[in-house]
Amino acid sequence: ELQFPPRLNCAARLLDRWVEEGKGQRLCVQGATVRWTYAEFQATANRIAHVLVRQTGLVPGQRVLLRGANTPWLAACWFAVVKAGGIAVGSMPMLRARELAAIVDKAQISHALCDARLAEELALARAGCPTLQQVLHFGGEAQELEAAAVCMPAQFENIDTAAEDICLMAFTSGTTGVPKGTMHSHRDVMAACACWPPHVLRPRSDDVFIGSPPLAFTFGLGGLLLFPLSVGASTVLLEKATPDTLPAAVQGYGATVCFTAPTAYRAMAMAQIAARERGEAAPSLTTLRKCVSAGEALPAATRALWQQATNLTLIDGIGSTELLHIFISADEATARPGATGLPVPGYRAAILDEQGRELPPGQVGRLAIQGPTGCKYLDDPRQATYVQNGWNLTGDAYLVDPVDGQFVYQARTDDMIVSGGYNIAGPEVEAALLLHPAVAECGVVGVADEARGMVVKAFVVPKPGHEPGPALAQALQDFVKQTIAPYKYPRVLVFRSELPRTETGKLQRFKLKHLD
Ligand code: 3UK
């Protein structure tokens, strides 16, 4: 059991403690233009907290929208809000005015701290946002927040919050439907830091974290801010981290721990291997010692490619916004191709049938999770769907391998394809296609069919040098039949130059279903 005192401010545990322990001179956060020690990062967060309280009248419990690409300033704003007893509400940089307004309204947001480069959409949203009273910009020519902060003291007495007080609202990126707000307390944040990182990731204080997920996505918030700080390590916050730019940044910063999505690992591995084959130079990834994949299922072929490119065994983990971070995962020793892993110490996992009864190993059912973090939606009827009888139902279909007890992902529950009486998981067909040397990326969905109810349809992005056409389509269909049970092969196969993805790297299957 995790024990936390009834009064707890997670910013004290994650940030202030290092300065109090005399480690203030250690490197903490780096970005394109700054390189802050723990003492400097803490002072910046403290000054912003003073601005929030003294200049904008923030009172504990108020919700503060954070808007910006990943930068040290955005991270300092996160801690400032939490120190001041506010609730940090992240927002994806790409959101438009309409989406921002929905979040501001849903979370009754009173304040916003916004990167000046993303000011426009927020300004457009403001007309329809009566609750939003105070907006401060950072990172722009005007240096609005920076100028206010320099005038403030570097010391700030954190608001004495209860461990159960909410300090974070994260809106689900979601691949469908209206975004849901999830609420997390100071205790939840500390619990997430106490489970997966020490048991699976096992970071060191000299690690340099890097990666792509936005801080508005809890995968990024944990992996690129909370977890490194929880062990006194340092983090690199990149405004733009794509498969094209991330490898050079890894080399430049000497990063040791990387967080990104499966498709990004695949793209980076393909580029490294292609450069090697052509005898060209590619950025060196040799400083990396741990690489974490999450957000969607990790295909065995991608794991193998990354191993080939870097000699590193990817750490896969399934997490969700509702549960804050990763709850099933495997470290380098337990990782095996095609499986996600085992419940993270602290969490329990089960596979349930439609009636909520536990299924034996080998049977596909609904993944159910219990643990120290759990789903608390902000005023949403879907709470009763996600949490049933004390179990968090993530919406994923899984099975437990009868031999090694590993949890094996099948599909999102809604995405299981029922074709001609067979149950087919799209991601399994994708994993098979990805083993073929002509396939760069692919997505598999079920589409309506008169005879079979549904048929399996694959969208394939060919690798450069492979000509899309009927011959390749036939070859890929035959390849799938040779690789997995033949009835699973995609009866329809089309080629595309790219696939629709969310800002968090997830394939948008609902969009694929409507594409020719
Ligand atoms: C899917 C995975 C198979 C799965 C997240 C790590 O992705 C995160 O949160 P979201 O709320 O989505 C949750 C859903 O995404 N998924 C995530 N990881 C995996 N499926 N294998 C995986 N390794 O459908 C899950 O229900 O956007 C991931 C940490 C924090 C997060 N918020």
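**Entry 1: getting my bearings**

Domain bounds here come from an automatic or database domain assignment. With that settled, I noted that I am looking at a predicted model. I looked up the domains and found domain 1 at 10-220, domain 2 at 242-412 and domain 3 at 420-512. Next I checked how far apart the centres of domain 1 and domain 3 are, and over C-alpha atoms the separation comes to 40 Å.

**Entry 2: two backbone angles**

I turned to phi angles next. Most residues other than glycine have a negative phi. Which residues go the other way here? I found that Q143, although not a glycine, has a positive phi of about 50 degrees. I located Q143 in the loop that runs between β6 (134-138) and α6 (144-150). N311 is also no glycine, and I read a positive phi of about 65 degrees for N311. The loop that holds N311 lies between α11 (300-310) and β13 (315-319).

Is Q143 buried, partly exposed or exposed? I noted a relative accessible area of 38%, so Q143 counts as partly exposed. For N311 the relative accessible area is 66%, and therefore N311 counts as exposed, the mark being over 50%.

Rolling a probe the size of a water molecule over the atoms shows where empty space is left. How many cavities of 30 Å³ or more are there in the whole structure? I counted two from the search.

The largest cavity has a volume of about 140 Å³. It is lined by 16 residues, and those closest to its centre are L66, W78, G90, L215 and A216. I then asked which elements build this lining: β3 (63-67), α3 (72-83), β4 (87-91), β7 (166-171) and α8 (218-230) each supply at least two residues. Sorted by class, the lining of the largest cavity holds 11 nonpolar, four polar and one charged residues.

The second largest cavity has a volume of about 30 Å³. I wrote down its lining as A101, V104, D105, G128, C129, P130 and T131. By class, that gives four nonpolar, two polar and one charged residues.

**Entry 3: around the ligand**

Which residues come nearest to the ligand? Of the 22 residues around the ligand, I listed D316, G317, T321, D396 and K506 as coming nearest. Then I looked for polar side-chain atoms facing particular ligand atoms. D316 has one that lies 2.8 Å from a nitrogen atom of the ligand. T218 places a polar side-chain atom 2.8 Å from a nitrogen atom of the ligand.

My last stop was the second largest pocket, which holds about 930 Å³ of space. I found 37 residues in its lining, with A241, T242, P243, T502 and E503 closest to its centre. α10 (262-278), β23 (439-449) and β24 (453-462) each supply at least two lining residues. Which element gives the most to this lining? It is α10, with five residues. By class, I noted 20 nonpolar, nine polar and eight charged residues in the lining of the second largest pocket.

Methods:
Residues are numbered from 1 along each chain as its sequence is written. This is a predicted model: local features need pLDDT of at least 70, side-chain atom pairs count only at pLDDT 80 or more; totals for chains, interfaces and linings use all residues. Side-chain values use heavy atoms; hydrogens and water are left out. Helices (H or I, at least four residues) and strands (E, at least two) are DSSP runs, numbered from the N terminus. Buried means under 20% relative accessible area, exposed over 50%, partly exposed in between (1.4 Å probe, protein chains only). On a 1 Å grid over the protein atoms alone, a cavity is a set of points where a 1.4 Å probe fits but cannot get out, and a pocket is an open set with protein on both sides within 12 Å along at least five of seven lines; lining residues have an atom within 4 Å of a point. Grid points are joined across faces, edges and corners, and a volume is the space filled by probe spheres set on the points. Ala, Val, Leu, Ile, Met, Phe, Trp, Tyr, Cys and Pro count as nonpolar, Asp, Glu, Lys and Arg as charged, and the others, Gly among them, as polar. A residue is near a molecule or strand if one of its heavy atoms lies within 4 Å of it. A polar contact is a pair of N or O atoms within 3.5 Å; within protein, one must be able to donate a hydrogen and the other to accept it, and residues adjacent in sequence count only if both atoms are side-chain atoms.
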